[in-house]
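Dear colleague,

My notes on its charged side chains follow below it.

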Amino acid sequence: MTPQRSTVERETATSRLLTLLSLLQTGREWPGTSLAERLRVSPRTVRRDVDRLRTMGYGIRGTMGPEGGYRLDAGSELPPLLFDDEQVVALTLALQAAATTGAGIEEAALRALVTVRHVLPPRLRQRLAAVEFETVPRAGDATQTPVAPEVLVALSTAVRAREVLRFDEVGERPGADGGRRSPRRVEPHHLLVSSGRWYLLAWDLERADWRIFRADRIVPRHPTSLRFAPRTVPGGDARAFVAARFRGALEGGGWPCVGIVVLHAPASRVRPFAGDGTVEELDAERCRYTVGSWSWIALAASLGRFDAAIEVIAPEELRLAFAELASRNAATAASTAVDDQDRRSERRPERP
């Protein structure tokens, strides 16, 4: 046998093993004859390939008889993926998050997640089953902050068990006390991830209101074993509620300040930058724009990005906000002009 032929045969055998493994990962039981037809080999070769996968750590169960078949079960040990346990936990969490990011890879991430979960040993399945979370769309990028896996497991376990959670909250500027605030007692409802940060949505028992806590600032205390009845998140959708809170909107998802203006700009030029506002074409050079923000001043300032003349239709609060913004801008311009004049005077040489 020539070296070239030996290499080709090894590559063919490796490719066949991967194909066989992908078929077994579908969750169904495959008759040996069907696998042989799919792989275009003899049943004896199928049996030999199955034995090779078993020696690699894959739990493949076979049934006897003329129509004997094979199916893939969870192995007693992690197959040789070149990952340790912590890396597999991280990989699975990343795939779960990627499956809901809206980045166009949801289907591939979900298939990969199913594949990894299918071959996990029981010890890792139980560990990962304790971690459930949702993702929240959020404008802008937050600084990613690491959270210890044991914290995520503790939070998710409390959410799943409907158990009152006690924890210390660490501030951004630790002091002599480690930056910890007084212990909190909450009813945890949802664990969510947004823009690289983990959050806990919970009902604060002391404040009798919904609160959103950053998981990287949570230091769990001993479990309380106190159960609670789940509450309905305002609006019925935890992700929508948290997303609204992030952008300063009302609990139902709407903005507290909504205005209507006429922009002296074509609708085609405004629409790409309209965000969640609505654009109605009036004529070739004007359009009606309805949009919201967390304050009237912020709304007035945001409309300046279109670099066009603006007519305020409603409400009066928006018209007053433009006046206040103009006053602030004029004061800023005046102070800047004085500073520039002072700097020029300092640079001017004295006359003899």
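Is D204 buried or exposed, and at what relative accessibility? In this predicted model, D204 counts as buried, because its relative accessibility is 0%, and buried means under 20%.

D204 takes part in a salt bridge with R184, in which the closest N and O atoms are 2.7 Å apart. Since R184 belongs to strand β6 and D204 to strand β7 (residues 197–204), the pair ties together parts that are 20 residues apart in sequence. R184 is itself buried, at a relative accessible area of 9%. R184 also forms a salt bridge with E169, with 2.8 Å between the closest N and O atoms. That pair links distant parts of the chain, as E169 is in strand β5, 15 residues from R184. E169 is buried, as is R184. Together with R207, these residues make up a network of salt bridges: E169, R184, D204 and R207.

The whole structure holds 14 salt bridges. Another of them joins E324 and R328 at 3.1 Å, N to O. Both residues are in helix α11 (residues 316–347), four residues apart, or about one turn of the helix. E324 is partly exposed at 35% relative accessible area, and R328 is partly exposed at 44%.

E163 may also interest you. E163 sits in the loop between α7 (149–161) and β5 (165–169). E163 is buried yet has no salt bridge, and R227, the nearest side chain of opposite charge, is 4.0 Å away.

Finally, R44, R47, R48 and R52 form a positive surface patch; R47 lies in helix α3 (residues 43–55).

Yours sincerely

Methods
Residues are numbered from 1 along each chain as its sequence is written. This is a predicted model: local features need pLDDT of at least 70, side-chain atom pairs count only at pLDDT 80 or more; totals for chains, interfaces and linings use all residues. Side-chain values use heavy atoms; hydrogens and water are left out. Helices (H or I, at least four residues) and strands (E, at least two) are DSSP runs, numbered from the N terminus. Buried means under 20% relative accessible area, exposed over 50%, partly exposed in between (1.4 Å probe, protein chains only). Lys and Arg count as positive and Asp and Glu as negative; His and the chain ends are not counted. Patches are made of residues with over 30% relative accessible area and no salt bridge: like charges are joined within 9 Å, nonpolar side chains (Val, Leu, Ile, Met, Phe, Trp, Tyr) within 5 Å. Accessible areas come from the Shrake-Rupley method with a 1.4 Å probe; for residues, only the protein chains shown count as cover. The place of a charge is taken as NZ of Lys, CZ of Arg, CG of Asp or CD of Glu.
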